[in-house]
Amino acid sequence: MQPLEQQPLIKKILTLPNYQFWALNVFGWTGYGFFVALSAIFWDRHLGLQVAYTGMSVTSGLVLSLWLRSYFKRIWGKEAIARGLYSLVAVICVTAVWSFVKMEVFFALNKDMETSRSLFEYLGWYTYSFFIFLSWAALYFSLKYYRMLQVEKEKTLKAQAMAHEAQLKMLRYQLNPHFLFNTLNAISTLILEKETKTANGMVTELSKFLRYSLDNNPMQKVTLAQEVETLQLYLGIEKLRFEERLNISFTISDSARHALIPSLLMQPLIENAIKYAIAKSPTGGTIALDADVLHNQLSIQLTDNGPGIADMAIALRERLEGEHGGVGLANTRERLKELYGSAHSFELENIQPHGLRITIRIPFSSTERSKAA
């Protein structure tokens, strides 16, 4: 980030409160001086005297406004009603001083005028001067409260972002214990069945997968091609377990390969498909992953040829709410909801003659598009 003293003045004015105050204050009093000088054109008076009066009015008004700012800062910590009353009294007093000074200087510079000093004359000067300082105070407090609201808004957005990040990390890290439990349970079964070679192979593949999982940033998105490589690590474990009973088919278009998705998005869904479609079938089955980019959306379909879901309504409620071990679907749905809100879709449907299809659609973004931007 560029040091403060090296930043352009216009940027400081737009971003820093102190610079904003000085810019607005100087601009406002300069504008006031312009209109006072402009009105003098219509007077048959000495130009030098009018310039002197205008300079005095602007300078004294600027000095008094700086004093008001200092006073407003001192009373800012008081209750709102007290702060308002104190501010009003300060404006009344400052206006009284400014009006008196302006009137005295004006008559001193224009001794030949028929109008003389009087209380009625002073009230005329006071009235329009009071309106000027009251407007100045109203603008000051308006900008002050606006900046306070902006600060509070930034704090709220920051807190929401932190909560959002914490939720995503929690959902992402939830996958590891769930997956680890299932895999260790399978390894335990292989050991009990004295299939030590297969069990040892699963332990080796498990270490590779967990090393990748732990090294990977849970907030970072990866390309679909990288996600497939990760799935291969996981499927290497399951292949040792199911051997020829597990068949996998990947059909991914070139554009979809570069699409960015949340890391380990598909792993729990494939794990879920293996649990319900492969493990329960004596002959195993096939899991197909298809991905393409359609209408600026990444469309991912995960299909299995298992038994499907007999009662879709009940199953959706149970699995999407995480009941009866449906962590994979519930976790994926919550992650997509946190990341994309209403800009995504997550659908389940039975297919003929049997099987289940999960369709995910999310906004398309890619590494190539990021580089172009």
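At roughly what angle do the axes of helix 7 and helix 9 cross? Select helix 7 (residues 224–242) and helix 9 (residues 267–278): their axes come within 10 Å and cross at roughly 25°. Axes here are lines fitted to C-alpha atoms, for helices over the stretch in contact, and angles run from 0 to 180 degrees between N-to-C directions. Helices (H or I, at least four residues) and strands (E, at least two) are DSSP runs, numbered from the N terminus.

Before continuing, please note the basis of the tour. The model is predicted: local features need pLDDT of at least 70, side-chain atom pairs count only at pLDDT 80 or more, and totals for chains, interfaces and linings use all residues. Residues are numbered from 1 along each chain as its sequence is written, and side-chain values use heavy atoms, with hydrogens and water left out.

**First selection: helix 7 and helix 9**

Keep the two helices selected. Helix 7 and helix 9 are roughly parallel to each other, a description given to angles under 35 degrees, whereas those over 145 count as roughly antiparallel, 65 to 115 as roughly perpendicular and the rest as oblique. The crossing of helix 7 with helix 9 is right-handed; a crossing has this hand if the near helix is turned clockwise from the far one by less than a right angle, and is left-handed if anticlockwise.

Now display the side chains between them. From helix 7, the residues E227, L231, Y234, L235, E238 and F242 meet Q267, I270, E271, I274 and I278 of helix 9. A contact means heavy atoms within 4.5 Å. The residues of this contact comprise 7 nonpolar, 1 polar and 3 charged. In this division, Ala, Val, Leu, Ile, Met, Phe, Trp, Tyr, Cys and Pro count as nonpolar, Asp, Glu, Lys and Arg as charged, and the others, Gly among them, as polar.

Because 11 of its 12 residues are buried, helix 9 is largely enclosed by the rest of the structure. Buried means under 20% relative accessible area, exposed over 50%, and partly exposed in between (1.4 Å probe, protein chains only). Among the buried residues of helix 9 are L269, I270, I274 and Y276.

Move to R245, in the loop between helix 7 and strand 2 (246–252). With a relative accessibility of 24%, R245 counts as partly exposed. Beyond its neighbours within four places in sequence, R245 is in contact with I278, A279, S281, P282, T283, G284 and G285.

Which bond joins Q352 and P353? The bond is a cis peptide bond, with omega about 0°. P353 is found in the loop between strand 6 (345–350) and strand 7 (356–363), and Q352 is placed in the loop between strand 6 and strand 7 as well. Q352 counts as exposed, at 73% relative accessibility.

Leaving out residues up to four places away in sequence, G355 touches D304, N305, G306, P307, G308, E349 and N350.

Select K194, in the loop between helix 5 (119–192) and helix 6 (196–215). K194 is not a glycine, yet its phi is positive, about 65°. At 71% relative accessibility, K194 counts as exposed.

Then select N296, in the loop between strand 4 (285–294) and strand 5 (297–304). The phi of N296, likewise positive in a residue other than glycine, is near 60°. N296 counts as partly exposed, at 45% relative accessibility.

**Last view: the whole chain**

Of its 373 residues, 39% count as buried. Residues 24 or more positions apart account for 70% of the chain's contacts with a separation of 6 or more.
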